[in-house]
Amino acid sequence: MPTGSGWLSPAGSGRSLPGRGLLLLTVLVLLEGTVFRLGAASTPDVSGHDTKDHHKATAIGHNSTKKAFPVLDLDYGHIQTPFEISLWVLLASLMKLGFHLIPRLSGIVPESCLLIVVGLLVGGLIKIAGEKVPPVLDSRLFFLCLLPPIILDAGYFLPIRPFMENLGTILIFAVVGTLWNAFFIGGLLYAVCQIQTGNSSELNGLGLLPCLLFGSIISAVDPVAVLAVFEEIHINELLHILVFGESLLNDAVTVVLYHLFEEYSGVGTVTVMDGFLGIISFLVVALGGVLVGAIYGILAAFTSRFTSHTRVIEPLFVFVYSYIAYLSAEMFHLSGIMALIACGAVMRPYVEANISHKSHTTIKYFLKMWSSVSETLIFIFLGVATVDGPHFWNWTFVTVTVILCLVARVIGVVGLTYIINKFRIVKLTTKDQFIIAYGGLRGAIAFSLGFLLKEDHFPERNMFLTAIITVIFFTVFVQGMTIKPLVELLAVKKKQEAKRSINEEIHTQFLDHLLTGIEDICGHYGHHHWKDKLNRFNKKYVKKCLIAGERSKEPQLIAFYHKMEMKQAIQLVESGGGVKMPSAMPSTVSMQNIQPKKLPPPKTVERALPQLPKGREEEIRKILRSNLQRTRQRLHSYNRHTLVADPYEDGFDKFILKKQKIIELENKIKEMNNYLTVPAAPTDSPTMSRARLASGKETDFKPAQQQKESKICPDPQAFSVKPDSDSVPIIQVDLASPQSPDTVNVMDEFRRADQEENQGLMMRCPRGPSEPKKSEDTEGARDQQKLMRCLSDPGPSADEDEDEPFLP
Amino acid sequence: MGASQARTEHPYQDLMDKTGCNDMFGSKEDLASIPALDNNPLRKQIITAFFDKRNQHENQVGFFEEIGFEQFVMVMSHFRAPTLKTSEEEREVMRKEKLRFLFNMHDTDNDGTITLEEYRKVVEELLSKSGALGLEAAKAIADAAMLEVASTNVPHMAPDDFYEGITFEHFEQILKGLEMETRMHIRFLDVDTTTMRCGKTTS
């Protein structure tokens with residue numbers, strides 16, 4: 001077994017070189033072990049033979065004594081299949097791990113390329129070891145196990161608003177573009193084959209229909225490859241959704257064309273009638289797939305309405321319903337991908353309103369994990385299958401295919417954009433067109449479809465497979481590697497990471513209504529009109545059915561606002577009580593700068609605050625609790641690599657340091673500008689402790705516990721607090737100061753929350769009265785730490801998508 | 001009328017002839033009688049915007065009693081979209097125009113700033129269809145938004161300073177992420193005139 005140590009070159013910083021070297025060594029060793037195991041997969045009797053021989057020898061040697069009791073036995077066949085699967089998955093994950101340890105490499109070469117190379121290596125090693133390469137990219141395995149997680153991940157987190165806004169464009173690219181590609185490539189290949197009649201005999205027998213079939217297989221843009229490459233280049237949202245949406249929606253076209261040509265290749269002719277049936281079939285496949293997906297999505301949403309008592313299995317419903325939707329669609333030869341996308345997109349807004357926060361995190365993480373592993377495996381298998389597959393290299397065929405693919409794509413995109421731009425408001429520039437054309441990557445779906453072809457129907461199958469693999473390699477390696485520098489070179493607009501502010505949200509809504517109104521005045525039934533109608537239908541009927549409890553009536557703006565303030569609260573709390581400003585710009589503006597100046601109200605004032613209806617209070621508490629652990633930063637979640645690590649884990653040292661400063665920074669906290677208004681519990685239950693900004697002015701709202709002042713502060717109500725000065729209650733972050741009983745309150749409340757609702761806030765914080773006389777450091781530190789632990793949650797980064805309702 | 005008026009009038013001249021709308025366009029009641037507007041939370045503001053003299057770009061203030069087709073078109077011209085040929089400066093101008101339109105809708109007393117009260121009203125109207133729940137939240141949301149504007153635009157204020165209201169510059173600043181020139185548009189230039197109706201008819 002070759003060791004890896006000599007292979008290590010002093011690349012990169014020498015800082016962690018030994019560590020990295022060690023890991024690579026381990027990886028390689030495991031690789032070898034894997035290879036042997038995987039190679040041994042096809043010869044399971046080897047070990048069996050060994051034992052038998054051994055026993056025979058023993059028997060002969062000892063002359064019919066009975067067999068020795070086998071203390072240690074080797075029975076590989078027993079566990080063979082799960083073991084192999086696990087080994088493959090382990091290999092994939094270790095590879096992923098390894099790549100990210102070599103920073104420069106992962107910056108230059110996209111991961112997909114590296115994985116294919118690894119696959120090639122593994123396949124080569126297996127072959128060298130003399131074992132038979134397992135048919136890993138068996139189409140059933142691919143389509144039923146490897147593909148669904150990726151598609152579900154994409155569909156569940158599909159950014160609905162940009163998708164719907166560009167749906168027309170996407171559909172035209174997907175349907176017309178793919179058709180154009182298929183016929184162009186197929187037709188020209190047939191022409192080339194005819195020309196070649198005299199020269200090479202291999203291409204002679206290639207009929208028109210097999211050519212068209214090949215064209216339809218190779219023409220589809222692959223979602224897996226597009227995702228893998230586009231994830232790393234952080235391109236702007238419009239281009240991303242155009243290419244990605246196209247890769248998803250062209251599945252229907254591919255399915256229909258594939259089946260059409262495959263069916264009739266045997267017969268040899270396709271009549272007009274068949275073509276017509278093909279078109280009908282396309283509509284059935286596409287719409288049927290979407291319908292199946294939508295039905296299961298609604299079922300899932302409906303089921304999630306009742307899961308308030310069994311929170312643990314909530315994610316399971318999401319996964320199982322989606323998978324069944326996919327399988328059902330595949331059963332009828334409808335488009336499984338579209339079913340999966342429809343299911344995920346339809347169920348998401350309702351399910352998210354119903355499930356607990358932890359379930360939401362679980363779903364997110366599981367989807368990302370499965371899709372990540374799937375993608376890795378697919379690329380590795382591509383490499384392995386390349387080494388293995390029976391190849392038939394024909395220079396003409398392959399080179400013509402590659403060239404035609406590129407040419408067809410460019411012509412298709414340019415031509416279609418010219419037509420599309422007449423109808424679009426945001427026109428697609430030449431740069432955009434280039435990126436769209438260049439981003440048309442082919443991937444494993446094409447290969448699997450080719451693999452599915454039966455040899456007896458298609459004697460040219462091997463040639464097809466070789467050509468497909470060449471195209472895939474070309475697009476993934478050449479286009480995948482160069483797209484990043486090209487994006488930089490052309491200065492294509494990149495993704496904006498800006499936070500969505502509440503002003504923008506207000507005005508987005510405002511614009512929606514305004515434009516709808518203007519359209520109504522014109523009498524013109526445009527986009528906004530129908531969107532508005534759908535929204536109203538959604539609110540009136542659908543939400544009532546599918547969302548449990550009070551959340552069904554929550555207007556979108558308020559939901560958005562809740563989320564924002566929770567995020568702010570978490571941020572403030574975790575940043576140690578005010579050292580880090582939540583907004584990008586440090587600002588000393590606070591509420592009193594905004595409120596019109598009024599006479600200070602008399603100190604002793606009896607406030608009879610209106611009671612919130614009981615249900616609303618309960619709901620607010622539920623919202624708060626379930627949202628308290630929500631996320632901080634906001635990135636689009638279709639980037640798998642940026643699930644941000646918990647800042648707590650990273651910054652714990654910083655917190656320890658900060659606690660020293662916290663006491664002296666109380667003054668700074670007073671300057672805090674925060675508009676958070678966390679609602680609190682009703683009078684009869686313990687005060688919800690909120691993060692508190694001690695600003696010390698009249699506008700403060702101190703919790704009921706602090707009865708030191710003569711103010712009688714009844715229930716800290718949420719939005720209906722109306723102190724005389726007409727100011728809004730502020731969230732105050734004051735965990736730092738150990739004197740304030742608030743520090744205890746936080747943990748208190750959480751403990752109570754835990755007792756009351758069992759909603760996953762697991763904390764065991766001791767409840768003790770805070771003694772102001774204790775040494776501030778230790779108390780503050782301990783409380784702080786406990787609080788940090790309380791609030792830390794391996795939460796993934798927030799995404800904009802979370803905040804967008806069904807049809808914003 | 002100014003040059004800008006002539007520019008927008010031309011494409012609509014034939015539209016006006018085709019739809020047969022007369023010069024006297026209508027009063028507020030006519031517009032208010034459009035049934036489709038009933039569900040719109042911003043109904044009043046939209047109708048008021050048509051009668052707002054500030055939107056006519058003639059530096060007048062106040063409100064019309066009745067508007068004619070020219071005034072109607074002038075208001076509608078705020079909803080044009082940029083084409084591929086629109087230059088960068090023209091886009092800037094367009095954006096400013098549209099933002100100005102929105103600003104005028106918010107700034108009802110025409111003092112040049114959107115005060116907290118006015119902003120609160122805006123949010124309340126938005127949430128007006130949501131019942132009592134919305135009204136309570138509206139205040140908090142408006143305050144939060146105001147605070148955000150203030151902290152973005154005037155980061156360092158002494159505790160005793162008072163932020164009067166959102167000026168037009170601040171308004172531009174906070175909304176610059178939205179790309180107004182492409183968002184605020186209606187495709188009514190492509191529309192088939194048979195579906196166009198005057199506001200007077202009941203649809």
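Tutor: A:Phe214, A:Phe397 and A:Phe464 form one aromatic cluster. This is a predicted model, in which local features need pLDDT of at least 70 and side-chain atom pairs count only at pLDDT 80 or more, while totals for chains, interfaces and linings use all residues. Residues are numbered from 1 along each chain as its sequence is written, chains are lettered from A, and side-chain values use heavy atoms, without hydrogens and water.

Student: Which rings pair, and how many aromatic pairs are there over all chains?

Tutor: Rings of Phe, Tyr and Trp (its six-membered ring) pair if their centres lie within 6.5 Å; planes under 30 degrees apart count as stacked, over 60 as edge-to-face and the rest as tilted. The count over all chains is 21 aromatic pairs. In one of them, the planes of A:Phe214 and A:Phe397 stand at 45 degrees with the ring centres 5.2 Å apart, so this pair is tilted.

Student: Which parts does the pair tie together?

Tutor: A:Phe214 belongs to helix 9 (residues 208-218) of chain A and A:Phe397 to helix 16 (residues 395-420) of chain A, so the pair ties together parts 183 residues apart in sequence. Helices here are DSSP runs (H or I, at least four residues), numbered from the N terminus.

Student: Are A:Phe214 and A:Phe397 buried or exposed?

Tutor: Both A:Phe214 and A:Phe397 are buried, that is, under 20% relative accessible area (1.4 Å probe, protein chains only). A:Phe397 also forms a stacked pair with A:Phe464, at 5.9 Å centre to centre and 20 degrees between the planes.

How values were computed. Helices (H or I, at least four residues) and strands (E, at least two) are DSSP runs, numbered from the N terminus. Buried means under 20% relative accessible area, exposed over 50%, partly exposed in between (1.4 Å probe, protein chains only).
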